[in-house]
2 protein chains.
Amino acid sequence: MLDRARELDGADPLDGFRDRFTLPDGVIYLDGNSLGALPKAAVERVHQVVTGEWGEGLIRSWNASDLGVGWINLPQRIGAKIAPMIGARASEVIVADSVSANLFKLISAALTMRPGRKVILSELGNFPTDLYMIQGLQEQGLAEQRLAAREQIADAFDDDVALLLLTHVHYKSGAMHDMAALTNAAHEAGALVLWDLSHTGGAMPVDLNAVGADFAVGCGYKYLCGGPGAPAYAFVAGRHHETLCQPLSGWMGHARPFAFDDAYIPAPGVDRLLCGTPQVLSMSALEVGVDLIAEIGVDRLYTKSQALSEFFLECLSDRDIALELVSPSDSIRRGSQLSFRHENAYAICQALIARGVIGDFRDPDILRLGFAPAYLRFEDMAEAVRHLAEVLQTGEWQRDEFNQRAAVT
Amino acid sequence: MLDRARELDGADPLDGFRDRFTLPDGVIYLDGNSLGALPKAAVERVHQVVTGEWGEGLIRSWNASDLGVGWINLPQRIGAKIAPMIGARASEVIVADSVSANLFKLISAALTMRPGRKVILSELGNFPTDLYMIQGLQEQGLAEQRLAAREQIADAFDDDVALLLLTHVHYKSGAMHDMAALTNAAHEAGALVLWDLSHTGGAMPVDLNAVGADFAVGCGYKYLCGGPGAPAYAFVAGRHHETLCQPLSGWMGHARPFAFDDAYIPAPGVDRLLCGTPQVLSMSALEVGVDLIAEIGVDRLYTKSQALSEFFLECLSDRDIALELVSPSDSIRRGSQLSFRHENAYAICQALIARGVIGDFRDPDILRLGFAPAYLRFEDMAEAVRHLAEVLQTGEWQRDEFNQRAAVT
């Protein structure tokens, strides 16, 4: 399969982009859905922000357009670049804080827009922080969590549901929800919808406005390659901008932050989702990742991501490796990853990492392999499967060193 | 006064530390209370985090102790380094999110610890975000804001007050509250206390545990020199660790984040203040600033800061500059800054900036000069006053270019 892989790489229109990223020698990186690889341009950009903008520009860099910078506009500027990837208008997306904090803001916003309804409907086994933010509001007495199994979500609406909160591509299985159908179901029940695009944005296109989504959040450090803990983004449909109200009403979300008024007056539109001062170094790195992903283009990335995962499955089949696939077998119904269930998934994952094939393990028994299409080659698929075959067939994973559990992100 | 200044610099035990910071040529930087200067070591450290830990280590850097890193522990590790500067135990401080978000968490926590009480007492004209976070909780129906003038705070308690929230050193005037007396007054009224140390931490010592404070927050990007928008820190007295409950209950604050449970179980102690994934690049720069400030020592910094501001006032007097000082004239009652009221403060500030003397303006009429003692010299004081005298005496500030108002941080 290696020859075939090399042929596919040769014909791949995105092949040249791999050189725009730093990838360590001897590593096949199948964890870009946890932390995206480093765009080479981020090295120089962050250095310039530290030495030039911070060191030389000092406080002036918040605004000084003569220095070619203006940190104060980073949240809007990067948001506007993310917007076309998710079917949003530039004015509908802002970069701020973390996915978690943005979930809290938007769940709260939904509750104020649906007075008399307290239920937040979500999926059993959704990414934990999505559920934990509902629970935080539940502890405050403001929300009531309702969880339904994946296939029962559409039947779980009633007049108490204020918001449907789902992760578009499931972090563990990679299964993708039907965004249009579920948005529609929520609206028919009088509820709003908040899509978590953490495993979507930058890997595949979605069209939030085409499906009529109300809110979305997404992660900066996975497919957008924004760096460890990069800030997150949030989307609010333009029709809700006037009524949007959220409790993390910090000074950066004020209509006139530098008037230093005692009374909070929200800034227009999504700007009111800002809370405290943005973490500029992290945000600057994110911009480089977003620029690069935008240059490659999410449509092309999605096409390649599907081809990569299909080829990976072919390689498995070619080597007669029978692993239980928990991701949908139809590539149109999954995100840019493949997840396999195995009772020894942890040890197999560790053995692969020792060979330089970095995937990740998700409790209790999932081996999760992400196919970030911006920098992976078909050759990486063939080689990863070769390593996987060797790990399984030799029993290498049984070594003690691969069976000592520690905290793993 | 310049000779005298140079004498003082020659005798200053902290004089050598100035070289550990980058300061642009021709700049006298009196805005370290807005954004601290760049520690030279941060350049290399951030570069290493970007190229080595992110680029080469990739996802492994969250935990990999063999690489000498472990991003997952940064919030606790940096918190432990800040703790001795503010009279806290290492286990009582954590670095996370922004001052604003941490205020929201701790105000919420106080409300749950004082059931039946909804009033958050604060100061008229406190830093806006402190008030806006109270107002955010008020909009949720959970809190009620009560503001009192500075001198009437101690009389504003009653049985409805759950929490007293004050900024120890006022951002605009530099006036310092009597932390011990007000903490005591709050406790006598059955209320808790949350101190905002944004203009305190890294410039002067405070002893939170000696005064029995319950909570505190502080800023990473001012006197701690953590870089633009650096993450903030939060303190919770050990006696409250068991009962601490806050609504931004994100996955990083879970007892077992990587167990991916559907149900939130708070991590022990201050760890439960974590919400989303920390912004590692920004946090790494903060650590360098904290290390450097810790090395210099806040006691010595405070001594020098008082001497700097006293010398500045002497220089003013020597040049017969009569400006209305709104900061306390007694150095023991103010922080590391001097603020002056002038109807043309904006234009004067701009004229000074054009001369390389960077202070800041605070609406509507305050010229605020910060004396970050880690990198300022007595010579800077003398020279800044010379520039100020020239700006005032020549009427230079009246130029059109200095009177066009734009957003200023």
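The model is predicted, with local features requiring pLDDT of at least 70, side-chain atom pairs counting only at pLDDT 80 or more, and totals for chains, interfaces and linings using all residues. Residues are numbered from 1 along each chain as its sequence is written, chains are lettered from A and ligands numbered from 1 in the order in which they are written, and side-chain values use heavy atoms, with hydrogens and water left out.

Me: Why is A:K222 called buried?
Reply: Buried means under 20% relative accessible area, exposed over 50%, and partly exposed in between, with a 1.4 Å probe and protein chains only. A:K222 has 9% relative accessibility, so it counts as buried.

Me: Where does A:K222 lie in chain A, and what does UniProt record there?
Reply: A:K222 is in the loop between strand 9 (215–218) and strand 10 (232–236) of chain A. Helices (H or I, at least four residues) and strands (E, at least two) are DSSP runs, numbered from the N terminus. An unreviewed UniProt entry places "modified residue: N6-(pyridoxal phosphate)lysine" at A:K222. UniProt positions are given in the numbering used here, feature names are shortened, and annotations may be inferred rather than shown by experiment.

Me: Which residues does A:K222 touch?
Reply: Contact means heavy atoms within 4.5 Å. Not counting residues up to four places away in sequence, A:K222 touches A:G32, A:N33, A:S34, A:G36, A:S198 and A:H199.

Me: What is known of A:H199?
Reply: A:H199 lies in the loop between strand 8 (192–196) and helix 7 (208–211) of chain A. At 3% relative accessibility, A:H199 counts as buried. Beyond four places in sequence, its contacts include A:K222, A:Q337 and A:R368.

Me: How do you know whether the residues that UniProt lists for "binding site" gather at one spot?
Reply: The unreviewed entry lists A:S100, A:F127, A:P128, A:T129, A:D130, A:T167, A:D196, A:H199, A:Y221, A:W251 and A:T277. They span 178 residues in sequence, and the farthest two C-alpha atoms are 30.2 Å apart, so they do not all gather at one spot.

Me: Which residues of chain B are in contact with A:W251?
Reply: Leaving aside neighbours within four places in sequence, A:W251 is in contact with B:S100, B:F127, B:T129, B:Y132 and B:Y221, among others. A:W251 is buried, with a relative accessible area of 9%.

Me: What makes strand 15 of chain A largely enclosed?
Reply: In strand 15 (residues 366–370), 5 of the 5 residues are buried, so the strand is largely enclosed by the rest of the structure. A:I366, A:R368 and A:G370 point one way, and A:L367 and A:L369 the other way. In a regular strand the side chains alternate between the two faces of the sheet.

Me: How do you know that strand 12 and strand 15 of chain A pair?
Reply: Two strands pair if DSSP finds at least two bridges between them. Strand 12 (residues 337–341) of chain A is joined to strand 15 of chain A by 5 bridges, and the two run antiparallel. Within this pairing, A:Q337 has A:G370 as its bridge partner.

Me: How many bridges link strand 14 and strand 15 of chain A?
Reply: Strand 14 (residues 360–362) of chain A pairs with strand 15 of chain A over 3 bridges in the antiparallel sense. These strands form a hairpin with 3 residues between them.
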